[in-house]
Each structure stands twice: as structure tokens, then as C-alpha cells.
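Here is a short briefing for a first look at this structure. Keep the view open and follow the points one by one.

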Amino acid sequence: MSKPRKILPQSSLEAQVLAALQSRQERGILRRLPDPTSLSSSTNTNLVDFNSNDYLSLATSLNLRARFIQKLQSAQDILGSGGSRLLVNGQAHSALEARLAQFFASPAAILFNSGFDANVGFFSCIPQIGDVVVYDEYIHASVHDGIRASRARGAHFSFEHNSLSSFKELLKKLLSERPELQTGQSSLFVAVESLYSMDGTFAPLEGIVHILEDYFPQSNGFLIVDEAHATGIYGLQGRGRVAELGLEDKVLARLHTFGKALAATGAVLLTKPFIRDYLLNYARSLIYTTSLSHANIIAADSSFDMLIDGTAQKLSRHLLDLSRYFLDTLSPQLRDVPMHILALPVEIQHASPPSPIIPVMTTRPRPLSAYLMQRGLNARPITWPTVPKGKDRVRVCLHAGNSQGDVDRLVQGMMEWARGEMAHDEAAVRTVVQSKL
Ligand SMILES: Cc1ncc(COP(=O)(O)O)c(C=O)c1O
């Protein structure tokens, strides 16, 4: 039988693209959409969800569903908004903004179609010529994309994750090199996430605010906090970490996304009126796109009902109790397990409050995730380039819909797998030793 003929690329573009994909495949980092029919699909209800960002399990809440349907039935408009916010300024959009500005005690609020669009919109247009952006090294990709498109694209610097000393060093250096920052003629923007999505670590917001006030007495140091993963979970009625710490007046902008704990779509940027007006004029991801559909607005509005009536706060209490329980159950059992097989970062073990995002560090994230999946537990491997090299993990995201029994099964599954790996490694060492005798 003749060998199958290798299909040659039809163009140099195809050749380059295929070579890049092939390279990713060879390095084991090719991204693919999960197979919707596979065991790991998020719609597979036989799996316990330790994966999604639906932290409060509102996506399956019958209460939220009923509320949403009821509002849809009585709403005047439920389908597409019909155009950009600037052309068809929907009453529903403005009403939600007003509601959110009040709820979050913010002087202004502006909706975006997604958190990604909000970060790109803000960072691409707010920094002016001569301004500088600094950010935590783990900041979300959307902030990078915004900066890349901004006037500060040649003036952006990262500091070590959550390190106040690294932050201070960076500010000192920038102030000494750029007199306009000292005189207040130019501005410095600091981008952080209140809760980091891959590490479950909290930004030291109070420390950052103090340092900024100290180093920028001209009030030209501005803090922007992405609350994507803290929304609905922390602070009174789920208002987020900034509100929990009483720092509302100390930040220039806060981002709350609707797609994670709120089980909806879209995002709101809470900021000052002059920033809102500027975004409406210059943020391309706001101007040149069709605004959220009415159904999306109604869905987000229904989720905020759940925050305001205290439902989210109850769910969040249970969620954080589960996080504590998971850490307290797993942590003592890891004492005899080599760190490269299974480990919990120290800062996570002692975090107060706990985080629903718990990275379980392992050099073998794919086999661990596959082992758990076979046992009906969906916790996904996270590897480079999503996290730095050498920091592979299985990320556990807990949910209000998880039970203590689910968590017990997860810990048991992880420990069974770890013991199997240890036995396997010991057997391999014995074989090598014997072969040398
Ligand atoms: C920290 C952070 N910011 C922003 C976003 C983007 O939000 P959205 O999913 O609404 O586009 C995400 C989502 O991945 C995120 O994790």
C-alpha cells in the first residue's frame, strides 16, 4: 500500500501557522477546545465541578433562573441592543449602571461587554504621553493588551508578584529617572488583581495604597483594581475586596466582571465621572462594538438581586468554609509527600480569609488531573505558558455547590494518586540501584 501523501501547505502563511502549531504540539502546550462530548466537558453533570469560575454556583441556581425568567417576561426589550452604546443608549444599560454605581458607592459606572474589553479599553486610552504603567507580574492578559495599544507602550514595568519591596524599588527607580513623576506633571498607574486567578493570592491593597500615597504626594499615582475573581465573594454583600477594606476612595478604577461568580456576561468599571466621559470618547472596545443584549443586562441585574438580598453572602460563607476545610484536611497529609509530587503554597495554607482558588503544586499536573477525572472530579491542570515555568499545578476552584463530601473525595483522590506516584518513584530507584550492584 502506498504511503499517505503529506499535504503540502498552499501558502507561506499556512506553512508558518502550521509550523507554529506543530511546535506547540511537540512542546505539549497546544491549546484545544475541550471536547463537548468528553468526560471533562463542563456540561457533564456527573462530574463534581472543581474547575469553573462559577464560585457561588449561581449558574445552576433555581432561584436565579426563576428571577431571570420572570424579569425577561415583563421586560420591554429582551433581545439585541441593536448597536454601540453611543448610538443606541439603552435605558436598561443606563439603569443598571446607576444601580451599580449606588451599590458599590462609586461616583460613576460604565458597562463593558466583558472584563477583557474593560481592561483593554481602560489601559489603551487612559495613560497619556509621558505616563507610566506598573503592574504585578501576574496581571491578566487583557491589561497587557491594553498597555500594548496605549501611549505608555514604551513605559510599562512589572514588579514581583505581591511583593511590596519590589513595588517600592520599582517606584524609587522610576521617580529618580523621571522628574515629571516627581513634579506631578505625569502620572503613574498601578494595575493589580484583588484575587489572582491562578494562585488564589490576594493583592496587599492597603500596603500598595500607603506606598503610593507616600511616594506620590502630588496624588499622581493611581491604583486600578481588577476584582474579577473577588466579586460576589468578599466584602459586604459581595462588593469585593476594595469595599471590604474600605478603600473605595483610594482607587481610580475597580473592575467587576459578571461572568464568574455572577453567572452572567459583561463587566462594570467603577470610576470617576471624568474617566467615564473619556472612555466614552476614546475606548475603542466600548465605542466600536454592539453593546450588551438586553437579556445580558437582565441576567446581570438578576444576579445583583442575589447580592443585594444577601443570598450571595450566605453562599460565600459556605464557600469559604469549604476552602478552609479543604486546606485543613489536605495540608497535614502532605507532610510525607515530596514537594514535587504534591504541595500547597505556604501563603495559601495560612491565608485569612481563605480563597476559593487553591493551586495544588505538582510537576505532574496532567496525570493528577486525569486520575481525578476518572473518579468524577473535575480539577484541571494548569501549565506553562499560562503560569511561569516550574510552577505547574492542578488548580482547584471550590464552589458553594460543592459539599464537604465532595471535598473529602477530592482530598482522598489526590492522596491516593500521590501515594501511587511515590511508590512508583521508589520502585524506579530500586531498579536503578539493583542494576548497579
Ligand atoms: C483577572 C481577570 N480579569 C479580567 C478577565 C476578563 O473578564 P471577562 O471574562 O469578563 O472577559 C478575567 C477572565 O479571564 C480575569 O481572570
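Arg 254 sits in strand β7, which covers residues 253–257. Its relative accessibility is 2%, so Arg 254 counts as buried, the cut-off for buried being under 20%. The model is a predicted one.

- Start from Arg 254 and look for Asn 281, which is 27 residues away along the chain.
- The C-alpha atoms of Arg 254 and Asn 281 are 19 Å apart.
- Arg 393 belongs to strand β12, made of residues 393–397.
- Is Arg 393 buried or exposed? Arg 393 counts as buried, because its relative accessibility is 0%.
- The side chain of Arg 393 makes a polar contact with the backbone of Lys 391. The atom reached there is the backbone oxygen, at 3.0 Å.

**The ligand and its shell**
- Which residues surround the ligand? They are Ser 114, Gly 115, Phe 116, Asn 119, His 140, Glu 193, Asp 226, Ala 228, His 229, Thr 257 and Lys 260.
- By class, six residues of this shell are polar, three are charged and two are nonpolar.
- Helix α4, residues 115–125, gives the largest share of the shell, with three residues.

- Asp 226 has a side-chain N or O atom 2.6 Å from a nitrogen atom of the ligand.
- His 229 places a polar side-chain atom 2.7 Å from a ligand oxygen atom.
- His 140 also takes part: an N or O atom of its side chain is 3.2 Å from an oxygen atom of the ligand.
- How much of the ligand does the protein cover? On its own, the ligand has 390 Å² of accessible area, and the protein covers 80% of that.

- Leu 13, Val 17, Leu 18 and Leu 21 make a nonpolar surface patch of about 360 Å².
- Where is Val 17? Val 17 is placed in helix α1, which runs over residues 12–26.
- Val 17 has a relative accessibility of 42%, so it counts as partly exposed. That class lies between the cut-offs of under 20% for buried and over 50% for exposed.

**To recap**

How values were computed. Residues are numbered from 1 along each chain as its sequence is written. This is a predicted model: local features need pLDDT of at least 70, side-chain atom pairs count only at pLDDT 80 or more; totals for chains, interfaces and linings use all residues. Side-chain values use heavy atoms; hydrogens and water are left out. Patches are made of residues with over 30% relative accessible area and no salt bridge: like charges are joined within 9 Å, nonpolar side chains (Val, Leu, Ile, Met, Phe, Trp, Tyr) within 5 Å. Accessible areas come from the Shrake-Rupley method with a 1.4 Å probe; for residues, only the protein chains shown count as cover. A salt bridge is a side-chain nitrogen of Lys or Arg within 4 Å of a carboxyl oxygen of Asp or Glu. Helices (H or I, at least four residues) and strands (E, at least two) are DSSP runs, numbered from the N terminus. Buried means under 20% relative accessible area, exposed over 50%, partly exposed in between (1.4 Å probe, protein chains only). A residue is near a molecule or strand if one of its heavy atoms lies within 4 Å of it. A polar contact is a pair of N or O atoms within 3.5 Å; within protein, one must be able to donate a hydrogen and the other to accept it, and residues adjacent in sequence count only if both atoms are side-chain atoms. Ala, Val, Leu, Ile, Met, Phe, Trp, Tyr, Cys and Pro count as nonpolar, Asp, Glu, Lys and Arg as charged, and the others, Gly among them, as polar.
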